[in-house]
Amino acid sequence: MRTALARISPIELVHELRTFECRGCGQVDRYAVKGGPDSYWLLLSDSGSARARADSSAG
């Protein structure tokens, strides 16, 4: 499955938090993105499948 941009939230003055989610498996990736000529993307959380986390906490 592919992840899609779910939301953009401001963090600090020059950064955005971009959250990508997969509707099929629940995978969530969050990136801190700096804008401008020296822009970069930094993966903050590779939290895995939400469905797998729910299954592991239920048992």
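I start with strand E3, which is mostly covered: 6 of its 8 residues are buried. Buried means under 20% relative accessible area, exposed means over 50%, and partly exposed lies in between, with a 1.4 Å probe and protein chains only. Helices (H or I, at least four residues) and strands (E, at least two) are DSSP runs, numbered from the N terminus.

This is a predicted model, in which local features need pLDDT of at least 70 and side-chain atom pairs count only at pLDDT 80 or more, while totals for chains, interfaces and linings use all residues. Residues are numbered from 1 along each chain as its sequence is written, and side-chain values use heavy atoms, with hydrogens and water left out.

Now the overall layout. The protein chain has 1 helix and 4 strands, and from the N terminus on the order is β-β-β-β-α. Of its 59 residues, 22% count as buried.

Next, the pairing of strands. Two strands pair if DSSP finds at least two bridges between them. Strand E1 (residues 4-11) runs antiparallel to strand E2 (residues 15-21), over 7 bridges. These two form a hairpin with 3 residues between them, and Glu12 in the turn has a positive phi of about 60°. E2 and E3 also pair in the antiparallel sense, over 7 bridges. Their hairpin has 5 residues between the strands, and in the turn Gly26 has a positive phi of about 85°.

Which residues are the bridge partners of Arg18? Ile8 has Arg18 as its partner in E2, and in E3 the partner of Arg18 is Tyr31. Glu21 has Val28 as its bridge partner in E3.

On to charges. A salt bridge here is a side-chain nitrogen of Lys or Arg within 4 Å of a carboxyl oxygen of Asp or Glu. The structure holds 3 of them. One joins Arg7 and Glu21, with the closest N and O atoms 3.2 Å apart. That pair links distant parts of the chain, since Arg7 is in strand E1 and Glu21 in strand E2, 14 residues apart. Arg7 counts as partly exposed at 40% relative accessibility, and Glu21 is partly exposed at 28%.

Another salt bridge is between Arg18 and Glu16, with the closest N and O atoms 2.8 Å apart. Arg18 is partly exposed at 21% relative accessibility, as is Glu16 at 29%. Asp38 and Lys34 also meet in a salt bridge, at 3.0 Å from N to O. Asp38 is partly exposed, with a relative accessible area of 47%.

Back to E3, and to Asp29, found in that strand (residues 27-34). The side chain of Asp29 does join that of Gln27 in a polar contact of 2.9 Å.
A polar contact is a pair of N or O atoms within 3.5 Å; within protein, one must be able to donate a hydrogen and the other to accept it, and residues adjacent in sequence count only if both atoms are side-chain atoms.

Last, the cysteines. The structure holds 0 disulfides, a disulfide being a pair of cysteine sulfur atoms within 2.5 Å. Cys22 is in no disulfide, and the nearest cysteine sulfur, that of Cys25, is 3.6 Å away. Cys22 counts as buried at 5% relative accessibility, whereas Cys25 counts as partly exposed at 30%.
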